[in-house]
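Good morning, and thank you for coming.

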Amino acid sequence: MGNKTNITGAVITVVLPSIFGFMEKPTEMGISLVACAIALSFLNLDKIQRFKGAGFEAEMKKAVDEANATVKQLRTVALTSVEAALTTLMSSSFLGGTNLETKIKIQDQLINSLKEIGISDADINKTSERWHRGVGMIFFRGIKKCLREDKKSYASESEHRVVLDDVKEKLNPDRSWNVPSSAEIRAFIELKAHMTPEIEELLKDYEHYEKTKTFRRQNVFVNL
C-alpha cells in the first residue's frame, strides 16, 4: 500500500503542475508543485509511528498528530488544486486546444490519484462539479448542433429559426455553466422541435452520464 501511495503522490506531483504549466498558469503551477511535494513527505507516517525510545515516544506522538493534521490540510489543498485544474481543462474545451479524449484521460488520472490518497467520494464529487457541468454543456452543444442542421423536419426556414431562437432563449447555459438537464432538453424538443434518431441517442448518452458519471459512447462524445 505504501509503495502504491507513493507512486500516486508522484503522479499528482508531476501531472497537476504540468497541467497548469501547459495552460500557462505559472503561479498555480508553483503552488500545486509545492503542496504536492510537501504532501509526499507525510505519506509514510505509519512507519514513523513505529519508532520508540526512552523520552522519545511522547514527542514523536505529538509530532505525528501534528503531521496528521497537516495531511488533512494538504488533502484540502489537493482538492482545491484538482478542482481548479479540472475547471481549466474543461473551460479550454470551449476554446479549442487539447482534444477531449486527452482531457478525459487526465481527469481520470487526477480523480484516481485523489482516491489513492484517501479523499472521500463525496469530496471528489463536489470537486468535480464544474467538470460535470462542462460535460453537460458539451452534450447540449452536440444536441443544439443536431437541431441546427435538421432543416428538413420543418415546414419552412422561419419555423426552424423560431425553434433555434427558443433554444437560445430558454435553454442556453449561463456564465456559471448552469446547463439544462437531459430531461429538460427532452421536454423542450418534444414540445417545440422534432426528435431525430441522432438527438435521441445523444439524450440517452447525457442521461447515462447524469446517473453514472461515465460515458455511454465516449467515442461519440469526444467528437461533439
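Glu 201 and Lys 204 lie three residues apart in helix α10, so about one helical turn separates them. Helices here are DSSP runs of H or I, at least four residues long, numbered from the N terminus. The model is a predicted one: local features need pLDDT of at least 70, side-chain atom pairs count only at pLDDT 80 or more, and totals for chains, interfaces and linings use all residues. Residues are numbered from 1 along each chain as its sequence is written, and side-chain values use heavy atoms, leaving out hydrogens and water.

The side chains of Glu 201 and Lys 204 form a salt bridge, at 3.8 Å from N to O. The term requires a side-chain nitrogen of Lys or Arg within 4 Å of a carboxyl oxygen of Asp or Glu. That rule gives a count of nine salt bridges.

Next, the packing of this helix. How are α7 and α10 oriented to each other? Their axes, lines fitted to C-alpha atoms over the stretch in contact, are 10 Å apart at an angle of about 175°. The two helices are therefore roughly antiparallel, the term for angles over 145 degrees on a scale from 0 to 180 between N-to-C directions. In the contact (heavy atoms within 4.5 Å), α7 contributes residues including Trp 131, His 132 and Phe 139, and α10 residues including Leu 202, Tyr 206 and Tyr 209. By class, the contact has 11 nonpolar, three polar and two charged residues; Ala, Val, Leu, Ile, Met, Phe, Trp, Tyr, Cys and Pro count as nonpolar, Asp, Glu, Lys and Arg as charged, and the others, Gly among them, as polar.

Definitions and conventions
Angles under 35 degrees count as roughly parallel, over 145 as roughly antiparallel, 65 to 115 as roughly perpendicular and the rest as oblique.
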